[in-house]
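Me: Hi! Could you go through this model with me? I have a few quick questions.

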Amino acid sequence: MNLPPVSAAPAAAVPTSRSVERSAHNVHPGGWAIETQRPLATLLGSCVSVCLFDERAKLGGMNHFMLPSGGKTPNSEQDALLHGDYAMEVLINALLTRGARKERLIAKAFGGGNIVKAIRTPIGERNIQFAREWLTREGIRLQASDFGGPWSRKILFEPDSGTAWCKRILGGQQISSEVVRDEADYARRLLEPTPPSTTGKRVELF
């Protein structure tokens with residue numbers, strides 16, 4: 001799979017994306033990871049992934065969130081990680097703990113596609129808006145992005161160089177259909193009331 005880089009990179013770097021993909025650490029919805037050398041990868045639909053990179057420390061990380069904000073009292077840590085506000089804080093704090101400096105961080109961000117037709121609320125657009133606003137508020141430069149549109153995306157990120165590849169995937173391809181199904185299933189679960197025996201609350205799309 002040959003994925004075009006979204007930022008300036010030597011032409012020779014492009015063919016290496018196949019080897020990058022084979023060795024990558026996959027980041028799933030609600031997940032995050034930081035690495036110094038091992039590539040990171042994820043699949044996105046209406047979700048957004050933000051990659052943060054400290055060039056001097058040769059350290060980078062990636063998250064994958066499904067909704068912009070989970071409020072102040074998420075039902076669980078796993079539930080919280082699905083939301084952008086918590087996912088961003090977890091990622092940046094982990095990077096700082098490993099030696100990154102906030103003033104040196106740069107960002108590359110992807111996703112927010114409109115691929116789940118059954119969801120009427122503009123989740124992708126809200127995720128995009130959240131990511132832009134969060135980075136601006138924290139003073140982190142968004143160096144490159146690929147947002148919106150009717151596509152799902154495959155992202156590969158090399159944390160030691162900050163190079164990122166983004167491949168747009170049309171809805172007819174199998175991998176895109178899998179992303180649509182997973183996000184639609186998640187959306188339906190969010191709309192179901194939480195059983196009274198747990199928190200007694202329900203999560204709503206906004």
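Me: Is Cys 166 buried or exposed?

Reply: Cys 166 counts as buried, with 7% relative accessibility. Buried means under 20% relative accessible area, exposed means over 50%, and partly exposed is in between, using a 1.4 Å probe and protein chains only. Keep in mind that this is a predicted model: local features need pLDDT of at least 70, side-chain atom pairs count only at pLDDT 80 or more, and totals for chains, interfaces and linings use all residues. Residues are numbered from 1 along each chain as its sequence is written, and side-chain values use heavy atoms, with hydrogens and water left out.

Me: And how many disulfides are there?

Reply: The count is 0 disulfides, where a disulfide is a pair of cysteine sulfur atoms within 2.5 Å. Cys 166 is in no disulfide, and its nearest cysteine sulfur, on Cys 51, is 9.9 Å away. Cys 47 is buried too, at 1% relative accessibility.

Me: OK, switching to charges. How many salt bridges do you get?

Reply: There are 6 salt bridges, counting a side-chain nitrogen of Lys or Arg within 4 Å of a carboxyl oxygen of Asp or Glu. One of them joins Glu 138 and Lys 102, at 2.4 Å from N to O.

Me: Where do Glu 138 and Lys 102 lie?

Reply: Glu 138 lies in helix H4 (residues 123–138), while Lys 102 is in the loop between helix H3 (84–97) and strand E6 (105–111), so the pair ties together parts that are 36 residues apart in sequence. Helices (H or I, at least four residues) and strands (E, at least two) are DSSP runs, numbered from the N terminus. Both partners are partly exposed: Glu 138 has 22% relative accessibility and Lys 102 has 31%.

Me: Which residue does Arg 168 form a salt bridge with?

Reply: That would be Asp 146, with the closest N and O atoms 2.8 Å apart. Arg 168 sits in strand E9 (residues 163–169) and Asp 146 in strand E7 (residues 141–147), so this pair links parts 22 residues apart in sequence. Arg 168 is partly exposed at 40% relative accessibility, whereas Asp 146 is buried at 12%. As for networks, salt bridges with shared partners join Lys 102, Arg 137 and Glu 138 into one.

Me: Back to H4. Which of its residues are buried?

Reply: They are Ile 123, Gly 124, Asn 127, Ile 128, Phe 130, Ala 131, Trp 134 and Leu 135. These cover an arc of only 165° around the axis, which puts them on the same side of H4; the arc is that of the directions from the helix axis to the C-beta atoms. The face turned away from that buried side carries the exposed residues Glu 125, Thr 136 and Arg 137.

Me: What covers the buried side?

Reply: The cover for the buried residues of H4 includes strand E4 (48–54), H3, E6 and E7, with contact meaning heavy atoms within 4.5 Å. Just after H4, Gly 139 has a positive phi of about 70°.

Me: Last one: what's the strand order in the open sheet?

Reply: The order is E1-E3-E8-E9, an open sheet of 4 strands with mixed pairing. Strands pair here if DSSP finds at least two bridges between them. The edge strands, each pairing on one side only, are E1 (25–26) and E9. E1 and strand E3 (residues 40–44) run parallel and are joined by 2 bridges, with His 25 opposite Leu 40 in E3.
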